[in-house]
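Reader: I'd like a quick walk through this one. Can you show me the fold before we talk?

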Amino acid sequence: MPTLEICCYGLDCALAATQAGADRIELCAAPQEGGLTTSLGVLREARSQISIPVHPIVRPRSGDFCYSEQEFKIMLSDIAQIRDMGFPGVVTGILCPEGLLDKPRMQKLMTVAKGMAVTFHRAFDLCSNPYRTYHELAELGVARILTSGQQQSAEAGISLLQELTAMAAGPIIMAGAGVRLSNLPKFLDAGIKEVHSSASRQVPSAMRYCKAGVSMCSDKMADEYLRTEVDPSVVEAMQTLIRLQGDVPPPTTADHHSHRLDYLSGLTGN
């Protein structure tokens, strides 16, 4: 049965996704940056409070995936910390200036990550040769690749996702970027083994006083009083749809199961 990984920006989101039935959590910070390494405090609380597998991302900055020597040292240190804390997996990746896998450095990351399942993140979507990179990651023992099929969205890149999935000897292909309840059946029908979604919603701030005209980031149009968080009902609906696809009854009562089917039908338009 396909695995549902939820991208969570913070502990509250990770707890909500866990309670809603996610199979695995990718733990990140900085949603506007596409996901960066989270704080030590968040890591500690996630390790102590969350029972399902949590794979923290190790990405020292936003932008490309070609890192300086100092950035690379930070990545090694962060992975060692995550390993020593007992996390079962980590999400990372590194490219060289030519757009190929930086194989020597990736090998060093893999050595430090020994004992953990390593996901190569969407650096894969910026590499110049996905087939060569796939085989090199297989040689290094990478567990899975999070990818949109080198397109802006995984739905647009589904043909490459299928092609890589058919290469059964290598890493698991996990579809990510724009995977949501409404298009989830396309990935399931395509035989994709793992899907990655933020399953998010916009939530207004609890602040009663809102200061107009001041932003905390370079985007002056950013709304500081609106944040993105996991929507548990969407996580639950996605997991229900996956279970229905695999003919596995979800762990709910009959009445709740009937209600969830109605909910799914309304959201997917089926």
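Author: Accessible areas here come from the Shrake-Rupley method with a 1.4 Å probe. Keep in mind that this is a predicted model.

Reader: Fine. What does the accessible surface of the chain come to, and what share belongs to carbon and sulfur atoms?
Author: The accessible surface is about 13100 Å². Carbon and sulfur atoms hold 52% of that.

Reader: How many of the residues count as buried, in percent?
Author: The chain has 270 residues, and 48% of them count as buried.

Reader: And how many helices and strands are there?
Author: Nine helices and ten strands.

Reader: What about sequence range? What share of contacts join residues at least 24 apart?
Author: That share is 65%, among contacts between residues at least 6 apart in sequence.

Reader: On to the core. Which residues touch the most other members of the largest nonpolar core?
Author: Ile6, Ile25, Met106, Phe120 and Phe187. The core has 70 residues. Helix H8, residues 232-245, gives the most to this core, with six residues.

Reader: Which residues does Met106 touch, beyond its sequence neighbours?
Author: Leaving out residues up to four places away, Met106 touches Thr92, Gly93, Ile94, Leu101, Val118, Phe120, Leu137, Leu140 and Val142. Phe120 is another of those core residues that touch the most other members.

Reader: Which other residues of H4 are buried?
Author: H4 spans residues 103-112. Besides Met106, its buried residues are Arg105, Leu109, Met110 and Val112.

Reader: Why are they on the same side of H4?
Author: They cover an arc of only 165° around the axis, so they sit on the same side of H4. In general, an α-helix has 3.6 residues a turn, so residues three or four places apart point the same way.

Reader: Which residues are exposed on the other side of H4?
Author: Pro104 and Thr111.

Reader: Where does His121 lie?
Author: His121 is in the loop between S5 and H5. His121 counts as buried, because its relative accessibility is 3%. Residues touching His121 include Ile57, Val58, Phe65 and Leu146. Val91, Thr92 and Gly93 also touch His121.

Reader: New topic: cysteines. How many disulfides does the count come to?
Author: Zero disulfides. Cys8 is in none, and the nearest cysteine sulfur, that of Cys13, is 6.0 Å away. The cut-off for a disulfide is 2.5 Å. Cys96 is in no disulfide either; the nearest cysteine sulfur is that of Cys66, 7.2 Å away.

Reader: Are those two buried or exposed?
Author: Cys8 is buried, at 0% relative accessibility. Cys96 also counts as buried, at 17%. The limit for buried is under 20%.

Reader: Now serines. Which backbone oxygen does the side chain of Ser197 reach?
Author: That of Val179, at 2.7 Å. Ser197 lies in strand S8, residues 194-197. Ser197 is buried, with a relative accessible area of 3%. Beyond neighbours within four places in sequence, its contacts are Glu5, Ile6, Cys7, Val179, Arg180 and Met238.

Reader: And Ser159, buried or exposed?
Author: Ser159 is exposed, at 51% relative accessible area. Its place is in helix H6, residues 158-165. Ser159 and Ala190 are 31 residues apart in sequence. In space they are 8.8 Å apart, C-alpha to C-alpha.

Methods:
Residues are numbered from 1 along each chain as its sequence is written. This is a predicted model: local features need pLDDT of at least 70, side-chain atom pairs count only at pLDDT 80 or more; totals for chains, interfaces and linings use all residues. Side-chain values use heavy atoms; hydrogens and water are left out. Buried means under 20% relative accessible area, exposed over 50%, partly exposed in between (1.4 Å probe, protein chains only). Helices (H or I, at least four residues) and strands (E, at least two) are DSSP runs, numbered from the N terminus. The arc is that of the directions from the helix axis to the C-beta atoms. A polar contact is a pair of N or O atoms within 3.5 Å; within protein, one must be able to donate a hydrogen and the other to accept it, and residues adjacent in sequence count only if both atoms are side-chain atoms. Contact means heavy atoms within 4.5 Å. A nonpolar core is a set of buried Ala, Val, Leu, Ile, Met, Phe, Trp, Tyr and Cys residues joined through side-chain atoms within 4.5 Å.
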